[in-house]
Amino acid sequence: MASISVLHWHRFLGLAAAMTLAFAGAAGAQPSSGTPASGPAAMAPAMPGAAPIDRAKILSATGVFGDFSVYKLRGEYAMLPAADRKAAAAEVLAVIDRHKDKVTVDAYLTRGFDANSDYFLRVHAYDLAAAQGFLTDFRATRFGAYSEVTENLVGVTKGLNYISKDKAPALNTALFATTYTDPAPRYAIMIPVKKSAEWWNMPEQERMKAIVGHTETSLKYLVNVKRKLYHATGLSDADFITYFEVNDLEAFNNLSIALMEIPENKYQPRWGSPIVLGTIQTVESVVNTLSMTDRGM
Amino acid sequence: MASISVLHWHRFLGLAAAMTLAFAGAAGAQPSSGTPASGPAAMAPAMPGAAPIDRAKILSATGVFGDFSVYKLRGEYAMLPAADRKAAAAEVLAVIDRHKDKVTVDAYLTRGFDANSDYFLRVHAYDLAAAQGFLTDFRATRFGAYSEVTENLVGVTKGLNYISKDKAPALNTALFATTYTDPAPRYAIMIPVKKSAEWWNMPEQERMKAIVGHTETSLKYLVNVKRKLYHATGLSDADFITYFEVNDLEAFNNLSIALMEIPENKYQPRWGSPIVLGTIQTVESVVNTLSMTDRGM
Amino acid sequence: MASISVLHWHRFLGLAAAMTLAFAGAAGAQPSSGTPASGPAAMAPAMPGAAPIDRAKILSATGVFGDFSVYKLRGEYAMLPAADRKAAAAEVLAVIDRHKDKVTVDAYLTRGFDANSDYFLRVHAYDLAAAQGFLTDFRATRFGAYSEVTENLVGVTKGLNYISKDKAPALNTALFATTYTDPAPRYAIMIPVKKSAEWWNMPEQERMKAIVGHTETSLKYLVNVKRKLYHATGLSDADFITYFEVNDLEAFNNLSIALMEIPENKYQPRWGSPIVLGTIQTVESVVNTLSMTDRGM
Amino acid sequence: MASISVLHWHRFLGLAAAMTLAFAGAAGAQPSSGTPASGPAAMAPAMPGAAPIDRAKILSATGVFGDFSVYKLRGEYAMLPAADRKAAAAEVLAVIDRHKDKVTVDAYLTRGFDANSDYFLRVHAYDLAAAQGFLTDFRATRFGAYSEVTENLVGVTKGLNYISKDKAPALNTALFATTYTDPAPRYAIMIPVKKSAEWWNMPEQERMKAIVGHTETSLKYLVNVKRKLYHATGLSDADFITYFEVNDLEAFNNLSIALMEIPENKYQPRWGSPIVLGTIQTVESVVNTLSMTDRGM
Amino acid sequence: MASISVLHWHRFLGLAAAMTLAFAGAAGAQPSSGTPASGPAAMAPAMPGAAPIDRAKILSATGVFGDFSVYKLRGEYAMLPAADRKAAAAEVLAVIDRHKDKVTVDAYLTRGFDANSDYFLRVHAYDLAAAQGFLTDFRATRFGAYSEVTENLVGVTKGLNYISKDKAPALNTALFATTYTDPAPRYAIMIPVKKSAEWWNMPEQERMKAIVGHTETSLKYLVNVKRKLYHATGLSDADFITYFEVNDLEAFNNLSIALMEIPENKYQPRWGSPIVLGTIQTVESVVNTLSMTDRGM
C-alpha cells in the first residue's frame, strides 16, 4: 500500500531482529504477542527447549485448527541489501522454532501460478490463539513485514459427518483402504468451499446421498490425491477449506471435473475464489527463492 | 495507499502528541473534532474529570449506537522509531480517557485470522456523533494515523422484536434462563447480515415463525456463546450487525452450521463478507502487540 | 495510490495557493478550469463581487444538478506542516467564494461511520459544467489535492412523477402538509438506488401503486426525516440519488425498515453500496476537523 | 500504485521529452512502439508531413476501431515543477501530430463526475495496432506517464444489423431524417453494454422486434442526442460500447429512462459499470485543466 | 503497491543482474528457484548448452501445461536510468535462454487495449514446476521486478473430448480439413471460461450435442482464427483457458457473436473477465516497447 524507506526499514528490521533474538533467549518473554497477563487471550510463554508438537498426531486429530494465510511479497523487499535477504530464512526459522511446541508450519510457493500470491502458509494448532501468536511474530520478521496478506481462512478438523463407520460402513472401509500410491506429492491446492442455503436446508438423508456420490466419485482418485478437510462456517467467509496434495496435476484436474459433474456442484456458490495452487517446499526454500539468495553461496 | 516519510511523520506525530496532551489539559478544548460551536453537529466539550460511562448500563440499554471499525495497519508503522511505537498505547489510552464520559471502547486483535484487518474496535455511545468524535481523535494518534479503515458499520440497539414477553412468553423465559457457563470468552466474532426483499416482504407471522426457529436452534448454544444484536438498516450497508463472544470456537462453528440449516438462511444475501474473528484483548494489548513492543521492558 | 514528498508538495502547494490567490484577484482568470474560450464546455469567468446563488431557490427548483462527491483523505496530508493544514480551510472557502455565483456547496463529515470515506460534498448547479469547474478548482487546493474520490454521482431534480397534484391529489396534499418537527438535523444520509428492468417494465399503473405505497409508508416519518431526490439514469451508475437529513437516527432506521417491507424493495438491485452517513457540518468545520487544527488557536 | 521521486521523474521525463522531440524529428523512428520490422504487428513508420486522417470519413466508415481509454491522474503529477506541467499539453499534442495520419483522438474531462477517472480518450483507427502505437507513445509523455488506466474498451464499427434499408425501410428513413438540432453538444457519455445469453439466443425476429422498439423509443430524442455504436464482443468484456453527445443532459436522462422501460432492458446484465460522463474538450484543454496551468499566462 | 527508491533499486538490480549472469555461467546453480535438493518440487538444474524444447512438438502435444501470466508495469520502471531500461530486454532474453530446455515463452503487448495489463506471457512446459522456475527467475529481472501480476491462469492440454474421430468422425474430419488462410496473425486473445453446475450436470449426450453445435458454428471461422484450448478446473478459477490468434479482428468479433447465439452460452457464468487482447510480438519487442528504448539506437 505504501512506501518504505529502505534505510529506515533496514535499521528498524536490524533492530527487530536483534530484539527477536534477545527475546528468544529470555525465558517467558513474548516480544510481539505482547498479551498482558491479565488479558482474556493470554497465551502461555514459549518454553525454551520445549518439545515440538507431534506432527503426525496433530495432522490426524480432530478439534485442531488449520490457519491458511496467503501472502504477496511487496516489491520493496527486493530492495533490502542482499545480506538482509540472505538472513531472512534463518530469522523465520527461528520464529518457527520458538513456537514449535504450539504450532506446525507448512509452506508453499505460489509465484507463477496465482495473481494474488507468492506463497502461503498452513499452520496447525490445538489452540487458535497460538496460531495467532505465531503469525503475529512471523509478521514481525524481515520477510513477514514485507508480506501482504491477500487471503486468510481459519477452519477446524472434525470427525467424518456422513461417511462414518456407522452411517456408511462399506464406503468408510473403501475410503480408508484406498491409499496414495503416486510419487511424493510436489503440489498442494487449497480450495475454499461455500454451500448454499438450499444445500444446508436439504433433509440430512439427501445430503447423505450427495456426499456418498461425492465419495464414490472421488474414490478412484485417492491413489493420486491426498486430501484434508477443515470446517470454517462462522470462523471465515467459507464453509470448508479443502486441501489437496498431488504429484499428478492432470489427475487432479480430472477429479475436479468429476466433482463438477455431480449434483452437489449445484449447491456451491463458492468453489475456489481463490483456488491457490503451490509447490510444496520447506519454509527455508520458499523464503530463499523469494529472497533471490542461494543458501549454498 | 501512499508513502509517508518517517522523518516527517515522526516530527508531525511528535507535534500532534504534544498538541493532544496540551489540549487534553485545557478544559473545553476540542483538538481534532474541531466542530464549530455554531455547527449543527456541535459536541459537548470533554469534561476533565468527567465520570466514565456506566459500562454495564450502556451494554444493556436500547437506543445505544454500536460503531464497529475494522483496521489494517500500514506497513510504514513498523518504521517508526521503537520509542514512538512504545508510546503509542499510552497515547491511545489518553484519547480513550478523554472520551470516557461519552463512549466505551472494546478492542480485538484479528491479525492472523483475516486478510483485511489487523484489529477492530467496538465503540458504544448514546449519541452517534460522540462515537465520531472519539474515532476522529483516535485517527489523529500515532497508531490511528497508520491504521487504514477496511470496514465500518454502524447500528443501534433495540428491544426484542419477536421473542418478547408478550409475543413468545415461554421462549422469552427460556432465552433469559440460559446463560453462558464456559470459561471467560477469548474470541469475538462480528458478522454483518443483510436480509432479502423476500424476507422483509413476508407476513410478520411467517417472520415470527422463522425467528422462533432461529431462537430454538440457538438456545442450546447459549451456554457457549454470548451475543448482541445491532440494527443497521439505512445506517450502513447491512441490516444487522451480529456480535458474538466465545471461548469454544468449535461450539460456535456448530451453532453457525445449525443456523445455516434453518429456512431463515435462504433470505440472507449477506452473512459475513466479512466475518471478522479476533481475540478479545485490552486496547493496550492490541496496540502493543501490533507495535512489537513489550511494556515490561 | 502513491507517495508524495512532503517537501515537494509543500513547495508546490505553496505555489498553487499563491497562484490561486493571484488568480482570484484577477477578473476573469480561470486558473484550474483552463477551458479554452473556443472549447465546447467554455464556462463563464467568475465575476468578482458576483451575487451568490439563491440557496432556497436552487434547493427547491427542478432542472438543478446535484453532484455528490465522496472523498477519503490521503495519509500524507497529516504530514504537511501544521501551518499549511491550518490554512487549508481558508483556501477551500476562497474557492467556494469564487464559485458562489454558480454553485452551492454542502459538506459532511463521514470519518468513523464509513470505511471508504472521510467526508463528502453535495454541489448544486443549474449548469453541470459549473459543478465540474468548482470541483476541479477544489481539487487544486491543498486539501483537495490530498483527497481521493471514492464515489461520485450526478443527478438532476425533477417534478413529482407520481404523487402529483393531478395524479394523487389527496396524497400530494398530505405530503406537503407533513413537515419536519424534530430538532435541526445533525446527520445526512446519501443512498444511491437502482431499479431493476422488471420495475421499469411494469405498467405505469403498477408503479404508481407502488409509489403510493412508498409514500404512505414514508408519510409518518416526515416529521423526523427531510428528503430530496435526484434522477441519475444515464448520468451515473444509479437511477436515483436519495438524500436525507435527520436528527433522530433510530427513526431513520425505522423508516428504512418500513421501506424494506413494501413490494418496491423487490425491484431494487442497488440500495446503498454505499450508504454514506455523515454529520452535517460547515465546510470549514469538515476541513479543520480532518486537518486537526483548531481555528480558535 | 507506488511512489515516484519527483527529482528522478523530472530528470527522466526531461530526458524522455528530449528523446520524443529528437525522435519526432527523425523520419521513420519509432521511439516507444519499438516493434521489430520482422514482427507480426509491425506498423508503418510515421511519415513526416503525412496527411492527417479524414475525420469525417473515419467517423462514418464501418470497419473502424474505436479505442476508449479512461484515466485517473496520479497525485504526484501535481508535484512536478509548474514549468513541466505547462509543457505537458504541447508534448501530448506533438505525439498526436506524429500519429495524425493513422489515428484521430478525442478528449473528455470527467473530473467531478466520476470516481474512477479524470479524463478519457476516444481513438479511432482503421488498424487497431495503430491505436496501440499512439496510446503507447501517449503513455510515454509526461502527462501519460502519470495517468493510470482505469477502463479500456475496444470496439469496431459495423453497418446497421436490424434497422437497415432492407429490413426496416420506413424506420431506417425516419432514423436518418431525424437530426440533432440542439446547441453544440458540451457533454459526452460512454456506456458499455453486455447482452445476456437469453438475448443472444432469442430468434432473430424477436431481437428485430426489440430493436425496432428501441429505435422507435429513441427516435424522438435524436434532436437532443447524437450517438455512435461500437461492437466489442470478443475484443473486450462488453458486447457494445455506446457513445453519446448531448447538450441537454435532462433530455439524455429522459432517453435513458425510456430505454429502461422497454423489454430489451431485461437482457442487459451490463449497462454502464461504468457510465463515464465528461465534458467535450480539446486535448489541450483537458491536459491544461488537469495540469492547473493557464495557457494565457 | 509501494514505492521503490530508484537509487536502491538500481543498485539492487545491478547486483541481481550480475548474480543472474554469474549463476547462468555456473553449471547446476539455481539462483532464484532455490529449491532444496531434497524438496518435493526439486527441479533439474539448467543445463548449459542444453537443447531448446521442440516448439512444434510441445504446441501440439497433450499433457502440456500452459501458464498465462498477465502483467501491469509499475510506474517507477520509467524512472530507471535509460541505460538500465535498454538492458532490460537482454536480461529477460538471458533468463529465457537459460530455461529454453524446459519452457517456451510467448509474449503479447496489451497496453492500449486493456485497463489491467500492459503485456502477458504464455509459457508452455511438460512439468508445471519448470514454468514456475522460469517465472520466478523472470520476476527477478529488472523488468520482471517492476511487473505486477494482475491475472495468472494455469491449464493443461488434452485430447478432444467430444469431436474425436470415434465420437464425431465427420465433424472431426471437417475440423482438421479447415485451416487458417489469412495473413499471419497479428493479434492474440485469451478468454477464460467457466461452465455452470447445470452444464457439468447435463447428460453427456446433451453436452455432446452442444459441442457439436459449437464446432459447426466455429468451423467457417477457422480460416480466420487459430485456437488452442487448455483445461483448468481445479488448477485455477476457470474451467478452460481459450486462446486465439487472428489477423482479422472483425472476423473474430463475428465468431464471438456466433458463439453467443448458441445454447452453450447459457451455461457460462464466466466468459472473459478478463478478455485479454494483445498484439503478438517477440519478447524483445514487448520489453523494448514498454521500456521506451529503441534497439536501433
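1. Helix α9 of chain E. In this predicted model, the buried residues of α9(E) are E:Leu249, E:Phe252, E:Asn253, E:Asn254, E:Leu255, E:Ser256, E:Leu259 and E:Met260. The helix covers residues 249-260, 12 residues in total. From its first C-alpha to its last it reaches 16 Å, close to the 16 Å expected at 1.5 Å a residue.

2. The cis peptide bond in chain E. The bond from E:Ser273 to E:Pro274 is cis, and its omega is near 10 degrees. E:Pro274 sits in the loop that runs between β8 (270-271) and β9 (276-281) of chain E.

3. Backbone of E:Ser273. E:Ser273 has a phi near 55 degrees, a positive value in a residue other than glycine. Most residues other than glycine have a negative phi. E:Ser273 also belongs to the loop between β8 and β9 of chain E. Is E:Ser273 buried, exposed or partly exposed? With 13 other C-beta atoms within 10 Å, E:Ser273 is partly exposed; the count for a buried residue would have to be 20 or more.

4. The loop in chain A. Here a cis peptide bond joins A:Ser273 and A:Pro274, with omega at about 10 degrees. A:Pro274 is placed in the loop between β8 (270-271) and β9 (276-281) of chain A, and A:Ser273 is found in the loop between β8 and β9 of chain A. Phi of A:Ser273 is positive, at about 55 degrees, although A:Ser273 is not a glycine. A:Ser273 is partly exposed, having 13 other C-beta atoms within 10 Å.

5. Helix pair α3 and α10 in chain A. Helix α3 (residues 82-98) and helix α10 (residues 283-291) of chain A have axes that come within 9 Å and cross at roughly 155 degrees. How are α3(A) and α10(A) oriented to each other? They are roughly antiparallel, because the angle is over 145 degrees. The crossing of α3(A) and α10(A) is right-handed.

6. Residues of that contact. On the α3(A) side the contact is made by A:Arg85, A:Lys86, A:Ala88, A:Ala89, A:Val92, A:Leu93 and A:Ile96. On the α10(A) side the residues are A:Val283, A:Glu284, A:Val287, A:Asn288 and A:Ser291. By class, the contact of α3(A) with α10(A) has seven nonpolar, two polar and three charged residues.

7. Helix pair α3 and α10 in chain D. Helix α3 (residues 82-98) of chain D packs with helix α10 (residues 283-291) of chain D at an angle of about 155 degrees, and their axes are 9 Å apart. α3(D) and α10(D) are therefore roughly antiparallel to each other, and their crossing is right-handed. α3(D) contributes D:Arg85, D:Lys86, D:Ala88, D:Ala89, D:Val92, D:Leu93 and D:Ile96 to the contact. α10(D) contributes D:Val283, D:Glu284, D:Val287, D:Asn288 and D:Ser291. Seven of the residues in the contact of α3(D) with α10(D) are nonpolar, two are polar and three are charged.

8. Chain A as a whole. The secondary structure of chain A comes to 10 helices and nine strands. Of the 297 residues in chain A, 52% are buried. Among contacts in chain A with a separation of 6 or more, 81% are between residues 24 or more positions apart.

Technical notes. Residues are numbered from 1 along each chain as its sequence is written. Chains are lettered from A and ligands numbered from 1 in the order in which they are written. This is a predicted model: local features need pLDDT of at least 70, side-chain atom pairs count only at pLDDT 80 or more; totals for chains, interfaces and linings use all residues. Helices (H or I, at least four residues) and strands (E, at least two) are DSSP runs, numbered from the N terminus. A residue is buried if 20 or more other C-beta atoms lie within 10 Å of its own, exposed if 12 or fewer, and partly exposed in between; C-beta atoms are placed from the backbone. Two residues are in contact if their C-beta atoms, placed from the backbone, lie within 7 Å. Axes are lines fitted to C-alpha atoms, for helices over the stretch in contact, and angles run from 0 to 180 degrees between N-to-C directions. Angles under 35 degrees count as roughly parallel, over 145 as roughly antiparallel, 65 to 115 as roughly perpendicular and the rest as oblique. A crossing is left-handed if the near helix is turned anticlockwise from the far one by less than a right angle, and right-handed if clockwise. Ala, Val, Leu, Ile, Met, Phe, Trp, Tyr, Cys and Pro count as nonpolar, Asp, Glu, Lys and Arg as charged, and the others, Gly among them, as polar. The expected span of a helix is 1.5 Å times one less than its number of residues.
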